Amino acid sequence: MKLVLLGPPGAGKGTLASLLKNSLSILHISTGDILREEMRNNTKLGREVKQYIDHGKLVPDEVVTKLVENKFSGHAVNHGYMLDGFPRTETQAEDLDRILSRVNRPLDYAVYLESSLPVIIQRLTGRRICRNCGALFHMKNKPPKKAGTCDECGGEVYQRADDNEETIKIRMDIYMKNTKPIIDYYAAQGKLQKVDADKDAKEVQDILMKILDEGR
Ligand code: AMP
């Protein structure tokens, strides 16, 4: 299965990707995760992108596209792939098409996770992440058993610097301006699948698996 997951911040792309990764065993590429890893390791790239990320701004197209291109050249994608958080602009969507046609693995579906603003704010302000393994928590819906400690690996659980109301507003504005238009880009290719992502993650996964099964 060859997918991109689209949708506003907080639509549940990361949560759905980690559920699907297990059931589909395909390559998962999250540009946000790759960039956060670079920041954690304090690399040159990590230092360059920090200002963009902490303030909710988009990292320049050529930087993220290169990361995605490297992933495709470094990994076998025979079983498929799932991109989460990329593309975020029309330029990225066009570049992605070029990369995919070069590796001869064109997209099957662009899955659009539709979510409403109150749900997005509630998800993002409560979201917590393990600094070590990336496991996702939520202060209300899925708090870690021991405060501040990851249930999976014992790592430190933290709140992303960009998950505060002020930065969420900037990220939503950028999403509406730059990312929402690519929904039409994929609709025009006949590849768009819409899913109501206000539902809980397991329900969204079941609905999506049904759609994907029908399309096989
Ligand atoms: P995410 O984890 O997908 O919410 O991404 C976190 C942040 O990383 C975003 O707010 C951007 O600053 C940056 N980022 C991730 N993916 C992209 C992308 N495709 N294009 C530009 N910036 C990105």
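Q: Is N104 buried or exposed?

A: Please keep in mind that this model is predicted. A residue counts as exposed when its relative accessible area is over 50%. N104 has a relative accessible area of 56%, so N104 is exposed. This residue is found in the loop between α5 and β4 (109–114).

Q: Which loop holds S25, and what is its phi?

A: S25 lies in the loop between α1 (13–24) and β2 (27–30). Its phi is positive, about 35°, although S25 is not a glycine. S25 is also exposed, with a relative accessible area of 54%.

Q: Is the peptide bond from F86 to P87 cis or trans?

A: As a general idea, most peptide bonds are trans. Here, the bond from F86 to P87 is cis, with omega near 5°. P87 is located in the loop between β3 (81–84) and α5 (90–102).

Q: How should I read the order of strands in the open sheet of three strands?

A: The general idea is that strands of a sheet pair through backbone hydrogen bonds, either parallel or antiparallel. In this structure, the open sheet has the order β6-β5-β7, and its pairing is antiparallel. The edge strands, β6 (136–138) and β7 (157–158), each pair on one side only.

Q: How many bridges join β5 and β7?

A: Strand β5 (residues 127–130) pairs with β7 over two bridges, in the antiparallel sense. C130 has V157 as its bridge partner in β7.

Terms used. Residues are numbered from 1 along each chain as its sequence is written. This is a predicted model: local features need pLDDT of at least 70, side-chain atom pairs count only at pLDDT 80 or more; totals for chains, interfaces and linings use all residues. Side-chain values use heavy atoms; hydrogens and water are left out. Two strands pair if DSSP finds at least two bridges between them. Helices (H or I, at least four residues) and strands (E, at least two) are DSSP runs, numbered from the N terminus. Buried means under 20% relative accessible area, exposed over 50%, partly exposed in between (1.4 Å probe, protein chains only).
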